Amino acid sequence: MKISPIVRLLFLLLLPSFGFSQFRKYSNEFLNIGAGARGLGMGGAQAASVNDGTAGYWNPAGLVGVQDFPEINLMHASYFDNIGKYDYASFSIPENDNNRVIGITALRFAVDDIPNTLFLVQPDGSLNYGNISAFSSADYGFLFSYAQKIRDDDDLKMSFGANAKVIYRKVGHFATAWGFGLDAGFKLQKDRYNLGIVVKDITTTFNAWSFHFTDKEKEVLYLTENDIPVKSTELTAPRLTIGNSYNFRLGSSVNLLTEADLDMTFDGKRNTIISGNHLNIDPHAGIEAGIKNVFFVRAGISNFQQALADGDTTNQKKVWIFQPSLGAGFKIHNVSIDYAFTNLANQSNPLYTHIFSLKFDLGNKENQ
């Protein structure tokens, strides 16, 4: 019995890790999507300037910007015509002296109603569409953050932070994985300049996969000459981000925040501006114009890659492409509403998505 191409594709998606204890270049990629429409509207350039509850995701050292009252952040996004759903929530609590902040972040990326065509083809080669069922694939990440001020003078402020993260991934009843990792961050502010340094997966994050196929499913896999997976471990290599930002004052009521970040990976050659077997550097940048700290307009650029030029029939000419993003937001008392409009691929392909997020400060800071 020949297995259908759909089944082959299905199991390529299902079984990301057959090898034992080796780095996966795009392991836990759902943790790199982003958090909050503000950061996504600025092209993900947040390591230096982030100072709210989303810092638990971007740079835990920035959590010290949550002052006086707890803060809640919520975001929802749909990708690929609502096929993929991404949700983010965080809760940050400052201590009474405002020197320390703890935070909890939850992320979920899920694809529902995936066709399971494993039993579509019958032993005689005929197709039985009644045997098609559906399952979901969901990835969960939980970040437990701590941030501490190191120095808090008028001319210089410094802080550090760390995340302990727990990962749970589930693919139907076929496979589950548990993972654990650590992140660390540092932030420096001098006048209107900010420096941010973040090391994600600093100790190497792992996912321990286990598989739960029934005897009947194993029989089909065996007869169709497919591997029957066993327990395995998937490792995520560390990632270093260095960000610099500066906040320009344009008059008495307008600020212009600019930031540029460099993401550095060390897990093999990638399609980035600086690409090598041992080091890859991927730049991204963003700007935010704020009017009276009430209304904001944002733009960003990221994900530079080389791709084959459109219309080149020889498949030889390559051009640089990038991922643009735009955003806006406004703040009313202790509630902020942010919006981002970003392209999931590059500037020429229409894979745009709309992202909304909310931020609540659980107290009215204007009355202090």
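A search of the whole structure finds 14 salt bridges. A salt bridge here is a side-chain nitrogen of Lys or Arg within 4 Å of a carboxyl oxygen of Asp or Glu. This is a predicted model: local features need pLDDT of at least 70, side-chain atom pairs count only at pLDDT 80 or more, and totals for chains, interfaces and linings use all residues. Residues are numbered from 1 along each chain as its sequence is written, and side-chain values use heavy atoms, with hydrogens and water left out.

**Salt bridges**

- Arg-100 pairs with Glu-95, and their closest N and O atoms are 3.0 Å apart.
- Arg-100 is partly exposed, at 23% relative accessible area. Glu-95 is also partly exposed, at 36%. (Buried means under 20% relative accessible area, exposed over 50%, partly exposed in between, with a 1.4 Å probe and protein chains only.)
- Arg-169 and Glu-234 form a salt bridge at 3.8 Å, N to O. Arg-169 lies in strand β6 (residues 157-171) and Glu-234 in strand β10 (residues 232-236), so the pair ties together parts 65 residues apart in sequence. Both Arg-169 and Glu-234 are buried.
- Arg-298 meets Glu-288 at 2.6 Å, N to O. Arg-298 sits in β14 and Glu-288 in β13, so this pair ties together parts 10 residues apart in sequence. Both Arg-298 and Glu-288 are buried.
- A network of salt bridges links Arg-38, Glu-288, Arg-298 and Asp-338.

**Strands**

- Strands (E, at least two residues) are DSSP runs, numbered from the N terminus. Two strands pair if DSSP finds at least two bridges between them.
- β13 (residues 280-291) and β14 (residues 295-308) pair antiparallel over seven bridges. Ala-289 has Val-297 in β14 as its bridge partner.
- β13 and β14 make a hairpin with three residues between them. Lys-292, in the turn, has a positive phi of about 55 degrees.
- β14 also runs antiparallel to β15 (residues 318-332), joined by 12 bridges. Ala-307 stands opposite Val-319 in β15.

**Cavities**

- A cavity is a set of points on a 1 Å grid over the protein atoms alone, where a 1.4 Å probe fits but cannot get out. Grid points are joined across faces, edges and corners, and a volume is the space filled by probe spheres set on the points.
- The search finds two cavities of 30 Å³ or more.
- The largest cavity is lined by 24 residues, each with an atom within 4 Å of a point. Nearest its centre lie Asn-32, Lys-165, Asp-201, Thr-236 and Arg-239.
- Its lining has eight nonpolar, six polar and 10 charged residues. Ala, Val, Leu, Ile, Met, Phe, Trp, Tyr, Cys and Pro count as nonpolar, Asp, Glu, Lys and Arg as charged, and the others, Gly among them, as polar.

Key: 1 Å grid on protein atoms, 1.4 Å probe; cavity = no way out; pocket = protein on both sides within 12 Å on 5 of 7 lines; lining within 4 Å. Helix = DSSP H or I, 4+ residues; strand = E, 2+ residues; numbered from the N terminus.
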